[in-house]
Amino acid sequence: MDLIDFSANKSFQAKLLKRQSENALRKLSISKEIIDFTSNDYLGFARNKVISNSAFEFYNTSTELTINGSGGSRLLSGNSEFCEQLELEIAAYHHAEAALIYNSGYDANLGLLSCIAGKDDTIIYDELVHASIRDGLRLSLAKSFAFKHNDLDSLQDKLQRSKGHVFVVVESVYSMDGDVAPLKEIALLCEQVGANLLVDEAHATGIIGENGEGLVVALGIEKKVIARVHTFGKALGAHGACVVGSELLKKYLINFSRSFIYTTALPLHSLCTIIAAYHYLKAHNSERSKLYENINLFNALLDKLPTSNFTKNTTPIKIIHIPGNNQVKQFAKALQENGFAIKPVLSPTVALGKERLRICLHSFNTANEIEKLANQLTSYLLK
């Protein structure tokens, strides 16, 4: 098909060529049947037949009239008793007063951050927060400032210079580094100056806490956090997300969060999968136990690597630093050819010189698979 000569095409082409010259051009690919060390399906819930069968039971016994799609936004025709009951269960699970379901973690962060502060307020955020938080900040009327990653002195400095209502935004587990925020200390700093703390629990949901409730609950600081974002598309193996907090916050978001107000609600079968995943999560601990066994094994096997390449953490997200888009892409390709599903993370997704392999461990990875991967990593990095 001939390309139509739209005026913007030259600009599109130039930007794509620039990215290609930087070896940073993104392309879609189909996942092959190789060993999964890249998905966020930490507990294997996305492939869990018990959860799938349970979701179908919920679906088949539901009295809701909507079968395929929800038919509209929650404020029009897309609300249901099933969804409201699900929100009550989710809120109770995460020790919160209320929960509001969004269509994705991106939508939740976008909708929350864009509306929670006004033009005379200040939002302070960790410099490594997810792109969805940054995009929400761009839509906000508030002034926003970054503090150095997990640096309490930097945060305190920004807090002292902030005006209006002050909001602090962090992640409990950082998606590109796999490290954990010093949440107790951050909550204390916020409490001392009356700042409002928001925590994205996307990569802690299902993983951290006695029943996977997240880091906030594990630390017992629920009452010190104004809002938490929990996503369902990672360890829970489903789709969607929610914001948990007070009933007042929920009422506010229903009225002012545009990504909630102006989008079609999740269909019934998505809601059924979410509730089935939560029920399974509460009733089974074996997947979490096996996941942490694998985390400890991986850490032990890579103990001899220099810290410039690998720093231990207690989460399933493992980072192997290999600076340079060319270098990290070449090594990722070699790993893929040897049967490992591992993707490189390139600049500009991460800062120039911070390129890396992002390796995700799962409960279903075998000790043999992890040992083979560790051998290839150490052979490459210690040669």
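## Contacts of V168

Leaving aside residues up to four places away in sequence, V168 touches I124, F147, L155, L159, I186, C190, A195, N196, L197 and L198. Contact here means heavy atoms within 4.5 Å. The model is predicted: local features need pLDDT of at least 70, side-chain atom pairs count only at pLDDT 80 or more, and totals for chains, interfaces and linings use all residues. Residues are numbered from 1 along each chain as its sequence is written, and side-chain values use heavy atoms, with hydrogens and water left out.

## Nonpolar core

V168 is also one of the residues that touch the most other members of the largest nonpolar core, together with I90, I320, L357 and L377. This core has 108 residues. A nonpolar core is a set of buried Ala, Val, Leu, Ile, Met, Phe, Trp, Tyr and Cys residues joined through side-chain atoms within 4.5 Å. Buried means under 20% relative accessible area, exposed over 50%, and partly exposed in between (1.4 Å probe, protein chains only).

In soluble globular proteins, nonpolar side chains tend to be buried together. Buried residues make up 51% of the 383 residues in the protein.

## Overall fold and dimensions

The protein has 14 helices and twelve strands; these are DSSP runs numbered from the N terminus (helices H or I, at least four residues; strands E, at least two). Its radius of gyration is 22 Å, close to the 21 Å that the globule rule gives for 383 residues, so the protein is as compact as a globular protein of that length. The radius is taken over C-alpha atoms, and the rule is 2.2 Å times the number of residues to the power 0.38.

Along the principal axes, the C-alpha atoms fill a box of roughly 60 × 55 × 55 Å. Among contacts between residues at least 6 apart in sequence, 70% join residues at least 24 apart.

## Backbone exceptions

Most residues other than glycine have a negative phi, and most peptide bonds are trans. The peptide bond from S347 to P348 is cis, with omega near 15 degrees. P348 is placed in the loop between β11 (343-345) and β12 (356-360).

H95 has a positive phi, near 55 degrees, and is found in the loop between α3 (81-93) and β2 (98-102). With 44% relative accessibility, H95 counts as partly exposed. N150 likewise has a positive phi, near 55 degrees; its loop runs between β4 (143-147) and α6 (152-160).
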